[in-house]
Amino acid sequence: MTRVITYAEAINEALGAEMSRDPRVILFGENVSSSWRPATKGLKETFGRERVRDAPITETAFIGAGVGAAIAGLRPVVELMLVDFGLVAMDQILNQMAKTTYMTGGQVNVPMVLRCVYGAAGGQAATHSETLTALYAHMPGVKVAVPSNPYDAKGLLVTAIRDPNPVAFFEHTLLYSMEAEVLEDSYTVPFGVANLVREGADVTVVATGRMVGEAAMAADVLRGEVSVEVLDPRTLVPLDEEAILRSLARTGRLGAVDEDYERCGFTAEVAAIAAEKGFHSLVAPVARVANPNVPIPFNRNLERHVLPDKDGIIRAVKAVMKP
Amino acid sequence: MLMSSGIPDERLLDLYRVMVRIRAFENGVKQLMREGRCGRVSLSVGGEAVAAGVTAHLTPHDQIGSTHRPLGHLVAKGADLNRVMAEIMAKATGTNRGKGGPYHIFDKSVGALGANGVVGGSVPMCAGYALADQLRGDGSIVVSYYGEGASNQGGVQETLNLAACWRLPVVFVCENSSPEVQRMLGHEIDYPQLSIDDVGSRGAAYGIPGVTHPGWDVETVYAAAGEAVKRAREGGGPSLLEFKIYRLDGDTDDGYCPVRLLRERLTGRGVLSEELDAKIWDAEAARVREAIEYAEGSPEPPLIDAYTGVYVGEHR
């Protein structure tokens, strides 16, 4: 049975379901016990302060503790209040969390989920607005999930918690209040399987996270003029390259959209895949829509200007459709 | 006439003026927030005595590093009120040209280097400012402000050690705003975030002086900071000062309100008349009104500004 809930409630349900199912699942981070945090609200009351605990503002220590607890047999879900704050703890994330499985010759693994709250939400400036998915996707050993809607948020988080590898799970601040039909029962959404958001024949647009909604709106606006196919890969690592290449083979045109910095970002990865493996399908240059390589400005007009959106996607689609 | 703390009346009146300036400025910002004329700003109401009492020992050449609640530190250090207000309102004339916002205000002209949006983020940089001061040998020093939450950060603890090892001219000022019940981001928490009562006790772990004082009493702050600043200037190395404070609602007349406490003391001793007090408040309120007018009359940054200043000089 489904009912309408928010993205934050979907995350909350996934956490609750997995904590009920598996006593090894524990949750910690800054203020995770507080009732004002919708994604974790009520979990402390249900599962107790042993399993749901507030950590001091010490990202290196509590993310590292997540890595250690995972190695020692628990299933920690660690919350980063903002993905930007993870930059304080890059050794624990990009060295220890990512590489320990490999470096120990497989003696240990790190079944941990790092929940990263991300994205520009209006006037928060450059240290509270970033996306940084590419940073995580770049590092071998980390899986990266970027749910774009409540249904995927719940199913992907369950998959993430059950995965034997470290998963960086990206939750967009502005999606927390997004509502959609979600199954009441627990379910999984597999990693590495793209979601076809809009079917189309003229151009393929690959979008992630909050940009999936913007791309879908762009497709709707262009309906009748350009037939836009929108693909949401849902996980950047593993990436459903097949789905992208299959769609490209039909449309011949490709756009890539995300909120991260453009340079060396996910959109560059999509363009590279097309150039390497879909070259003969391309009838036009690939278009990318992403942050134009500037820190997020505090001023809201400037912020809106650098953030990718529906209008920028429409412009990009029109550009690739030019004969 | 000298008061019991040995601080001359005139000096205390100066401190009072600075504290009123901070309070008036933050009251102005609070009003703007209420009216939706600026975004969310984290205020430092309740910390005025720390900002005023510490900064009173600094010269314009000394540097400070601050936090996400920077306004008291900035105002006390002499940051340009018009441009700070313009930054809060994201205008082109702001200290940071509208790009940084209140969490990242820098005013290099007065050594305010600067606010920081990451908990503990400014502290390691303060070691660098102090290293530069040490190498220049001009007697300048650094004050590194941070909160009790930041005090646990690895970067903060590493900096205490580095500063001690290199005998850097820096005074670490920890404002502990959870003096009784530990809170994080203003919310009660299930586990404490400090394993000790007094952050000042951590000085011993790095072989530097570490003390704890009430931060609502400006005379105490002034005396403690004077000693630590003197030590830093004379090459004696870093100190750690912890001041307990209460984050207050600007409208209340709380018993831990540093402004009220000093006003009562000064009036009780006949140093501050009602008339003079009103004059001080009026003057500071007028400066705040001027700053708001300046900010509101300032232009929005042009959109092209989004792309400028990522690098210095030519860049393609």
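User: Which residues have the most contacts inside the largest nonpolar core?

Analyst: The model is predicted, so local features need pLDDT of at least 70, side-chain atom pairs count only at pLDDT 80 or more, and totals for chains, interfaces and linings use all residues. Residues are numbered from 1 along each chain as written, with chains lettered from A and ligands numbered from 1 in written order. A nonpolar core is a set of buried Ala, Val, Leu, Ile, Met, Phe, Trp, Tyr and Cys residues joined through C-beta atoms within 7 Å, buried meaning that 20 or more other C-beta atoms, placed from the backbone, lie within 10 Å of a residue's own. The largest core has 200 residues, and those with the most contacts inside it are A:Ala215, B:Met19, B:Val170 and B:Val171.

User: Which helix gives the largest share of this core?

Analyst: Helices are DSSP runs of H or I with at least four residues, numbered from the N terminus. The largest share, ten residues, comes from chain B, from helix H1 (residues 9-34).

User: How many residues does each domain of chain A bring to the contact between them?

Analyst: Chain A is divided into domain 1 (2-183) and domain 2 (195-321), with bounds from an automatic or database domain assignment. Residues are in contact if their C-beta atoms, placed from the backbone, lie within 7 Å. The contact takes 26 residues from domain 1 of chain A and 24 residues from domain 2 of chain A.

User: What is the strand order in the open sheet of seven strands of chain A?

Analyst: Strands are DSSP runs of E with at least two residues, and two strands pair if DSSP finds at least two bridges between them. The pairing in this sheet is mixed, and the order is E3-E2-E4-E5-E7-E6-E12.

Notes: A residue is buried if 20 or more other C-beta atoms lie within 10 Å of its own, exposed if 12 or fewer, and partly exposed in between; C-beta atoms are placed from the backbone. Two residues are in contact if their C-beta atoms, placed from the backbone, lie within 7 Å.
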